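Visitor: I would like to learn how to read a model like this one, feature by feature.
Guide: Let us look at it together.

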Amino acid sequence: MGLLAAGIGAGIVAIGAGIGIGMIGKAATESIARQPEASGDIRGAMILTAAFIEGVALFCAVICILLVFFGG
Amino acid sequence: MFQTIRRLFLTLLFLSISTSHLFAADADSESEEPVIDVMGTVADHDYFKVPKFINGGKLYLPRLIFWEDAEGATQFSAFSSTKKAIESGLFEDVDHVLTPVSGVITLDMSITSHLVYFWMSMLFAVLLTVAMSNRYKKGFGRDVEPKGAFQNLFEVFFVFIRDEVVRANIEGHKADKYVPYLFTVFMGIAFMNLFGLLPWAATATADLTVTATLAVISFFVIQFSGSKDHWEHVFWFPGVPTPIRLILTPVEILGLFTKPFALAIRLFANMLSGKIMIISILGLIFIFADFFGTVAGYGVSAFSVTLTVVLYALKTFVALLQAYIFTLLTAVFIGMAAEEHHHEEHAADHAA
């Protein structure tokens with residue numbers, strides 16, 4: 001049961017993080033296309049935001065790992 | 001000294017190219033349990049993994065243990081290895097965990113492989129930085145242009161951290177005070193991550209205790225650099241009604257702790273997942289060979305090894321990226337804490 005929960009959870013996490021990072025990428029490429037001279041700043045903000053989303057996703061990944069090993 | 005470091009670095013580079021990572025996967029396969037012990041290879045060990053022809057592949061590390069005996073008196077025991085500890089008769093092996101025959105362990109100060117890699121990367125960072133600072137003292141990079149690929153590479157990283165990470169996120173005159181700490185963190189984490197890519201090596205940052213220690217240090221640096229405004233924003237948010245402050249204050253206090261927690265988990269999970277991914281993909285070879293015979297193993301290895309090479313390149317990038325992100329986020333948090341708001345001045349501006 002723990003394994004099933006971990007698998008489903010990891011899948012949902014991947015969906016959420018994928019949508020989030022995809023939206024950042026979309027917004028960043030659009031803004032770079034619109035204003036190429038600001039690409040440096042935009043890239044920095046993009047990496048920072050992506051790191052935050054990734055952090056949330058990895059929290060959930062850790063929970064899934066815990067479920068696998070201690071979920072029974 | 002510079003020559004020595006370069007030679008050592010080249011040797012390590014040569015080692016990393018000329019040997020395969022496969023040894024990591026089959027290291028613990030003598031037990032009758034699963035074909036591949038994924039968690040066993042990423043976990044911390046009481047030995048230092050070396051090539052098979054030296055001492056059977058394991059150099060045992062000393063165990064230093066504070067423990068309480070049956071009478072409740074605190075004892076300190078030091079052994080050169082786990083085996084010696086068991087031979088001494090004071091300890092026994094219970095499910096691969098060293099336990100006193102009578103009594104409990106209060107504090108296990110044993111040196112483990114992750115600790116050794118932590119020290120090693122810190123030593124590398126210090127040696128490199130000291131060597132470079134000596135060159136700057138001699139005038140290279142100050143009076144004349146930096147000389148040699150190594151110093152140029154170093155300067156790229158240093159200037160990047162100083163300008164893009166620290167000065168961009170921490171305002172004004174305070175910024176340069178934090179450059180030494182943040183650069184040390186960057187170098188330390190980058191070396192730890194990159195050491196993890198070497199054959200037989202362990203990734204120290206794929207251990208929650210290591211990343212948590214780094215995050216705790218960052219936590220204290222962030223809090224001690226907090227300005228008066230920072231604490232006011234935490235405990236008594238300016239400009240909102242009191243009932244809302246009652247909700248905001250616990251959230252803000254919680255926020256103080258979630259930031260370093262996220263730092264620790266992010267680094268840990270990134271490095272761990274990279275390692276698990278490579279071991280799992282290489283492990284497919286052995287699993288297929290076990291189920292469908294040797295030929296299937298060879299067939300899968302073509303796919304696995306190709307994928308691993310790609311993943312390895314990705315991991316090299318991620319190793320530096322995660323070091324950068326840890327440094328960047330610490331700098332952002334320090335910047336947020338050290339920032340001084342100017343409410344009164346704004347109010348005065350509006351009035352005027």
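This is a predicted model: local features need pLDDT of at least 70, side-chain atom pairs count only at pLDDT 80 or more; totals for chains, interfaces and linings use all residues.

Visitor: In which order do the three strands of the open sheet in chain B lie?
Guide: Strands of a sheet pair through backbone hydrogen bonds, either parallel or antiparallel. Here the order is 4-3-7, with antiparallel pairing, where strands are DSSP runs of E of at least two residues, helices are runs of H or I of at least four, both numbered from the N terminus, and pairing requires at least two DSSP bridges. Strand 4 (74-79) and strand 7 (104-108) of chain B are the edges, each pairing on one side only. Strand 3 (residues 63-68) of chain B joins strand 4 of chain B over six bridges.

Visitor: How do helix 6 and helix 11 of chain B lie to each other?
Guide: They are roughly parallel, because angles under 35 degrees count as such; the axes of helix 6 (residues 148-169) and helix 11 of chain B cross at roughly 30 degrees and come within 7 Å, each axis being a line fitted to C-alpha atoms over the stretch in contact, with angles from 0 to 180 degrees between N-to-C directions.

Visitor: How many residues of chain B are in contact with chain A?
Guide: Nine, against eight of chain A, contact meaning C-beta atoms, placed from the backbone, within 7 Å. Helix 10 (242-292) of chain B gives the most, six residues.

Technical notes. Residues are numbered from 1 along each chain as its sequence is written. Chains are lettered from A and ligands numbered from 1 in the order in which they are written. Two residues are in contact if their C-beta atoms, placed from the backbone, lie within 7 Å. Angles under 35 degrees count as roughly parallel, over 145 as roughly antiparallel, 65 to 115 as roughly perpendicular and the rest as oblique.
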